[in-house]
Amino acid sequence: INAEYMGAPVEISFPSTYKEKRAQLEKAERDKAERWGGLFLRHDSVVDTVARRLQVSKDALVGADQENVAARMAIAEAFLTSEASVVLSGEGVDLSLLRAPRRANSSTTLLVKNLPLAGSGDDASILRDIVKLFRSAGDLGRVIAPPGTPLLLIEYISEADAKKAFRRFAYSPFNGVPLFIEWAPVGLLKKSDKGGDDEDGNDEECTLYLENIPRSVGSTQLHELLGKDLTAALRSTTIKAERGFAFLEFADGATAQRARRSLEGTVIGGRELKPSISRQKAQSTSALHAGEIDCPSGHNPYKLVVRNIPFEATRHDIRAIFGAHAQVKSVRLPRKVEEYHTTTGTRNPHRGFAFVEFLTKEEAKAALAKCSQTHLYGRHLVLEYAADEMSADALREKAKRQSLVQDVQVNTKKKMRTLLEV
């Protein structure tokens, strides 16, 4: 449409279809980090990956006859993002920055999500094509791709090249799937230290990261698979069977490579082990407890507050999601009074947040770390420690509220007496 503004001709264009309107809205809001979790996973990728690992059909997970499909999807997503967090932490990624609601973004590092990966053998070629695509915009620095997750961290050497890639590839289709791109936070990738002697640097390559381990496997079974020679060269063994991974630290990098080759293709407990060389030592607390947050002062270490809950969700869904990772003591989902929600068609809908209390501090901390990137009905669940109701500040606020209520009641009574006297 051609029009005039202040005597000058201008051209006004309106989107003709709903798809174009939606695309413009997405591009306008793509810089908002709180719209989705930092480790966003597509639902179909989550289903494909989990079904392949469990060796079951997808109908057994999310079929029409299954109950609590949304909660199942959230549990599976939390499991995969937890694995990705361990790998990213081992690569020197500061995961706490992904949760920051207000953060300074980098001008050279991009976070690429929604990749069309499903954990199959074709993923390697797909990743090569994606890296080749982004390399066409400029010279790349580091590229980090956690295995089994549709996520990619790409660092450009030049700021201009990074901006060019963002403008060119954001929401562009790749294998029929739009690429979700956002600027990574400043400090997400630690500066790589290339200095020092080779002997010092070689120490970072002597740790073997072993994933897809059955829960029943212990150190004895792993040592039997390695054999006497490789077991004798072990410095330490750290196994997290409940989370499906282990770290094996050897005396040198050559021995770690031998162990990796010997364990490739090994099947134990019906699962094929996936060994790879880790850049982080096994005893690193950032790798073992990736994403864990300490409870701040004035908050309850046993209770979490869950925000941004969709109105379709129920208390049973919340309990199922967190109950898969820890022992839940209670779930409270506050509801509105005498209201009708037009979307869900229910009376007294909840207020969009819930309180989840756990039996121990450790379980609350683990649930916060594992579920902080979880989505339910397409909405990102925002987790944090709940304020302590018995703290001094909370008691002062409660006293103020009670005092205000009492003042209102007294004034109301005075007005009623005045009206009756008149």
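Predicted model: local features only at pLDDT ≥ 70, side-chain atom pairs only at ≥ 80, totals over all residues.
Four strands form an open sheet, in the order 16-19-15-22, and the pairing is antiparallel. Strand 16 (328-332) and strand 22 (382-387) stand at the edges with a single partner strand each, so one side of each has no neighbour in the sheet. From one strand to the next, the twist averages 30°. Strands of a sheet pair through backbone hydrogen bonds, in either a parallel or an antiparallel sense.

Now take the two partners of strand 19. Strand 15 (residues 299-307) runs antiparallel to strand 19 (residues 353-358), and 5 bridges join them. Leucine 304 stands opposite valine 356. Arginine 307 has phenylalanine 353 as its bridge partner. On the other pairing, strand 16 and strand 19 are antiparallel over 4 bridges. There, valine 331 stands opposite valine 356.

What does valine 356 touch, leaving aside residues up to four places away in sequence? Its contacts are Tyr302, Lys303, Leu304, Val306, Ile318, Phe322, Val328, Ser330 and Val331. Two of these, Ile318 and Phe322, fall within helix 12 (residues 315-323). Helix 12 lies across strand 15, strand 16, strand 19 and strand 22, and runs at about 150° to strand 16.

In soluble globular proteins, nonpolar side chains tend to be buried together. The largest nonpolar core here has 26 residues, and those touching the most other members are Ile309, Ile321, Phe322, Val356, Phe358 and Leu376. Helix 4, strand 15, helix 12, strand 16, strand 19, helix 13 (361-371) and strand 22 each give two or more residues to this core. Another core, of 23 residues, lies apart from it and includes Leu115, Ala137, Phe174 and Phe180.

Helix 2 (residues 43-54) has 12 residues. From first C-alpha to last, helix 2 reaches 16 Å, close to the 16 Å expected at 1.5 Å a residue. Which residues of helix 2 are buried? They are Ser45, Val46, Val47, Thr49, Val50 and Ala51. Their cover includes helix 3 (59-62) and helix 4 (69-90). Glutamine 55 follows helix 2, with a positive phi near 55°.

Terms used
Residues numbered from 1 in each chain as written. Heavy atoms only, no water. Pairing = 2+ DSSP bridges. Axes fitted to C-alpha atoms, helices over the stretch in contact; angles between N-to-C directions. Contact = heavy atoms within 4.5 Å. Expected span 1.5 Å × (residues − 1). Buried < 20%, exposed > 50% of the residue type's maximum accessible area, 1.4 Å probe, protein only. Core = buried A, V, L, I, M, F, W, Y, C linked by side-chain atoms within 4.5 Å.
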